[in-house]
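User: I have a two-chain model to look over. Please walk me through the folding and the contact between the chains.

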Amino acid sequence: MTDSFPAALSGPTSKERKYDRQLRLWAATGQQALEDARVLLVNSDGPLGSSSTGVVGAAGVETLKNLVLPGIGGFTIVDQAIVTEADLGVNFFLEEESLGKSRADETCRLLRELNPDVQGYSYSKSITDLLTDPNFLPRHKLVIISGPTKRSTLDLLSQKAQELEIPVLYIHSVGFCVTFSLQLPAEFPIVETHPDPESTQDLRLLNPWPELTAAVSSLGDLESMDDHQHGHIPYIFLLLRFLEQWKQSHGGKAPENYKEKTEFREFVHSKARTSNPEGGEENFDEAVAAVLKTVSPFSLRGSIRDIFEMPQCQQLSAGSADFWVIASAIRTFYNAHGVLPLPGSLPDMKAQSADYVALQNIYKSKARKDVEEVTATIRQLETTLGRATAILEREVEVFCKNAAHIKVVRGRQIPQIRSDSDAALLKSVRSGLQMPESLTSIFIACQILDAVVDEIQSTPALNERSVDDEGLWMAHKERILALLLRDDSTPIDEDTLENIDNAIQEVRRAEGGELHNISSLAGGLVAQESLKVLTRQYVPLDNTCVFDGARSRSEMYRL
Amino acid sequence: MATSVISPSRNKGRWNHLHKVLSKPGPFSDKDWVPGQDTISALESSKILVIGAGGLGCEILKNLALSGFKDIHVIDMDTIDISNLNRQFLFRQADIGKPKAEVAAAFVERRVKGVKITPYVGKIQDKDEDYYMQFKIIICGLDSIEARRWINSTLVGMVDLENPESLKPLIDGGTEVKLGFKGQARVILPTLSSCIECQLDMHAPRPAVPLCTIATIPRQPQHCIEWAHQIAWQEKRKDDTFDSDDMEHISWIYNTALERSHQFHIHGVTFQMTQGVVKNIIPAIASTNAVIAASTTSEVLKIATSCNPYLENYMMYAGEEGVYTYTFEAEKKADCPVCGNLARNMNVDANMTLGDFIDSLGEKAEAQLKKPSMRTEEKTLYQRFPPQLEEHTRPNLQLKLRELVEDGQEIAVSDPAYTIDFRFRLHFK
């Protein structure tokens with residue numbers, strides 16, 4: 001019986017087998033995006049004063065591990081440090097033989113062992129030197145910086161990356177504390193956000209199109225059906241039929257509020273046959289369960305309306321990104337029809353095979369028609385704008401399917417509390433601190449650490465000081481607390497000050513050092529965000545995350 | 001630049017970073033805690049058991065070794081498959097087919113000098129209480145709810161109130177309940193805090209497709225695959241034992257499912273989907289494993305050293321939209337069949353047959369028992385073994401529940417996967 005199928009269909013390639021578990025998440029398009037990407041890790045930029053060799057960098061290396069395994073195209077490690085004994089106690093991608101050698105070369109070598117498909121490059125140089133080559137940075141699709149680092153280095157890197165629209169992740173892993181921020185380009189659009197499948201169903205029960213209405217009419221009289229037929233009517237048909245009846249007795253209006261919907265639900269329930277041997281009907285149960293969720297008029301989500309109103313969507317040019325051209329065509333569609341293109345997917349439901357497939361085809365062909373209409377608008381736009389290449393059909397299809405869930409993240413710079421910080425940043429930090437036991441305090445403690453390190457590195461006279469120097473910590477703490485009062489003079493209350501002191505104590509406990517395990521956790525979180533940014537699937541962090549290993553919890557902030 | 005780098009000899013030592021944290025109190029460490037050498041010695045002498053050497057297990061072994069633990073044991077019965085290589089980073093192409101526990105242990109021992117890792121290739125059920133008694137803490141990186149329930153009830157059963165050493169903290173990590181970017185870490189102090197069994201209904205199994213749908217009215221490509229797997233194989237190839245790792249077997253299922261899908265005009269049967277359905281594959285990536293494994297290892301480190309408070313008692317993580325964690329205290333339940341002393345209430349339809357009731361226990365979130373036998377205080381309702389008793393109680397399967405038990409009556413359910421009885425009080429709907 002199976003001879004009629006060619007043997008060529010009999011199995012996936014060895015690459016598909018190796019990546020099977022992740023292809024199920026981001027599919028071939030996501031995988032291709034990863035394979036096209038090279039990631040830059042700036043793991044240390046010189047010693048943190050004379051008593052330290054530099055940032056340990058285990059979090060950065062663990063991040064790369066989690067990107068090499070799923071098969072990014074390549075990575076570059078920039079790290080000036082020489083491998084020491086202490087590195088071997090924290091960094092898994094070093095071995096005894098690595099002692100005294102370049103940490104960049106050694107971690108690169110051992111990371112490459114993880115996946116022969118991935119290219120690795122290492123530089124035992126300063127990143128500032130490397131950046132003098134204008135071709136260096138553009139080879140990369142993502143920059144990861146291990147903190148604390150010199151402010152001048154961070155500023156230079158994040159500014160150059162911003163100009164090239166390359167995303168940047170800035171990480172701290174110190175003792176039990178982790179914080180990291182993501183800098184995205186000014187607009188970062190995502191089509192495949194992968195919302196919960198439950199939330200994406202759009203059945204259009206209150207505004208069916210003619211083919212769907214015709215299919216309901218062609219059912220004929222439900223009462224005259226035998227029990228088997230009656231028990232297998234797809235619930236969508238049931239709801240559409242009973243909605244028609246309801247409207248007739250309610251002045252042409254569908255149930256609008258909770259009370260009416262519950263009454264309608266009772267009405268549907270009363271139509272089920274109970275005289276059969278099962279004492280009820282599964283398809284009616286499904287219909288009853290679906291009333292509250294699906295009997296609602298279409299409404300455009302605020303976030304999508306915002307996207308439609310963005311200038312990039314309103315004022316297209318020949319050079320507009322595909323995303324904006326498609327978004328603009330979909331806005332035209334919405335303005336004409338009051339709905340978005342139909343996604344076309346149908347949940348499983350009790351039904352005969354043929355009836356279900358027929359219903360599915362009604363949804364699918366409507367979705368196809370909507371895609372055609374959007375495509376026609378796009379082709380017109382392309383001609384009017386004089387665009388050189390046509391947007392791929394596939395891209396339009398995916399966009400239409402996800403239209404209700406697209407997202408545009410407005411990227412922000414790596415947040416730093418300093419004298420030239422904008423008012424919005426300081427305000428967000430103040431408001432974050434107001435939550436009881438807020439982890440914003442850890443963000444502040446890491447900002448103080450950055451400032452301490454920056455001062456040691458840039459002041460030769462302080463070069464002998466430790467990163468745990470009491471005087472420097474106190475001075476920068478006072479300075480940062482004063483900055484927080486710059487635009488809002490309301491005093492910071494006692495509990496919040498204690499919270500900040502606790503965070504400082506926990507961060508200082510490690511004297512700038514890393515715990516492997518916490519860095520491994522940081523590497524997992526940072527890699528997760530990297531994958532989302534590189535595949536342009538799922539929704540990345542916007543823009544700062546703090547994880548507190550002491551109390552096993554995390555928080556997110558937009559700073 | 002090299003001139004500014006400090007020579008390695010000036011560094012204090014390999015465990016410099018870890019020892020700094022263990023040698024100073026933190027704001028959240030207990031006021032009575034004494035940091036320093038005693039704490040470090042306690043860490044180094046703690047014998048730890050890792051259950052599972054897969055995606056989570058590889059990470060956990062690495063994390064424990066680099067957290068200063070010196071005596072680690074690991075149990076896993078599996079061998080290495082090509083599809084493990086995208087996240088199980090201790091394994092290489094050349095290791096395919098070898099036992100995970102052995103390869104993982106050898107790799108970490110080679111990389112981290114001074115750590116001893118003892119592998120055991122086999123099932124956790126092979127080992128008895130004396131074996132589990134030797135460990136200070138047990139950490140699970142499993143993808144099977146059944147194995148978790150087994151170790152949980154074993155550890156609860158081992159607790160002797162006279163002997164504090166008999167209480168073995170169980171740290172559990174999981175990434176398999178929800179797809180891909182989600183997972184959870186939990187800390188269980190057997191008999192003292194909420195256990196795996198108390199939390200069973202938080203991890204409901206995916207509902208199975210009814211057999212009649214598969215047999216007569218398929219609508220989805222998955223239904224066609226289930227038909228090929230559950231029905232066609234039995235009919236056409238009943239002499240071959242189905243092996244989901246045999247490419248020829250999977251190809252046969254795929255082709256058979258594809259043909260059925262054409263018959264019913266159903267689209268979307270693919271080889272990848274066939275494998276996914278037949279092997280019940282859950283997507284998995286290195287980064288999620290890293291997050292969950294490190295969360296569990298943090299708790300082991302905190303419990304072994306008291307350097308910070310441990311998690312009480314559940315942290316869930318979701319990474320699809322930004323970074324989201326939720327940390328809370330799951331409740332210990334008085335009606336937990338493992339650590340409680342009351343029967344668990346269950347609402348049932350009195351007109352259901354005993355057979356249907358037994359089938360439903362596999363899917364009910366609060367039971368999840370695949371091969372249950374059951375009895376009331378007075379009589380046996382259904383017993384699978386020995387065969388004579390099975391035959392004797394089989395007619396009961398056709399009877400309705402109301403013909404067998406009273407409303408509010410308690411029944412005891414056993415299942416070959418577990419050593420304990422589960423007590424349920426049946427309430428008629």
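Some ground rules come first, then questions and answers.

Analyst: This is a predicted model: local features need pLDDT of at least 70, side-chain atom pairs count only at pLDDT 80 or more, and totals for chains, interfaces and linings use all residues. Residues are numbered from 1 along each chain as its sequence is written, and chains are lettered from A and ligands numbered from 1 in the order in which they are written.

User: How many helices and strands does chain A have?

Analyst: Helices (H or I, at least four residues) and strands (E, at least two) are DSSP runs, numbered from the N terminus. The C-alpha atoms of chain A fill a box of roughly 95 × 65 × 55 Å along the principal axes. Chain A has 22 helices and ten strands.

User: What percentage of the residues of chain A count as buried?

Analyst: A residue is buried if 20 or more other C-beta atoms lie within 10 Å of its own, exposed if 12 or fewer, and partly exposed in between; C-beta atoms are placed from the backbone. Chain A has 559 residues. The buried share is 46%.

User: Which helix of chain A gives the most to the side that touches chain B?

Analyst: Contact means that the C-beta atoms of two residues, placed from the backbone, lie within 7 Å. The contact takes 83 residues from chain A and 74 residues from chain B. Several elements of chain A each supply at least two residues, including helix 16 (353–385) and strand 10 (553–557). With eleven residues, the one that gives the most is helix 22.

User: What distance separates the centres of domain 2 and domain 3 of chain B?

Analyst: Domain bounds come from an automatic or database domain assignment. In chain B, domain 2 covers 211–278 and domain 3 covers 344–428. Taken over C-alpha atoms, their centres are separated by 31 Å.

User: Which feature does UniProt place at residues 346–429 of chain B?

Analyst: The end C-alpha atoms of this span lie 10 Å apart, and the span is 21% helix and 25% strand. UniProt positions are in the numbering used here, feature names are shortened, and annotations may be inferred rather than shown by experiment. The unreviewed entry gives "domain: E2 binding".
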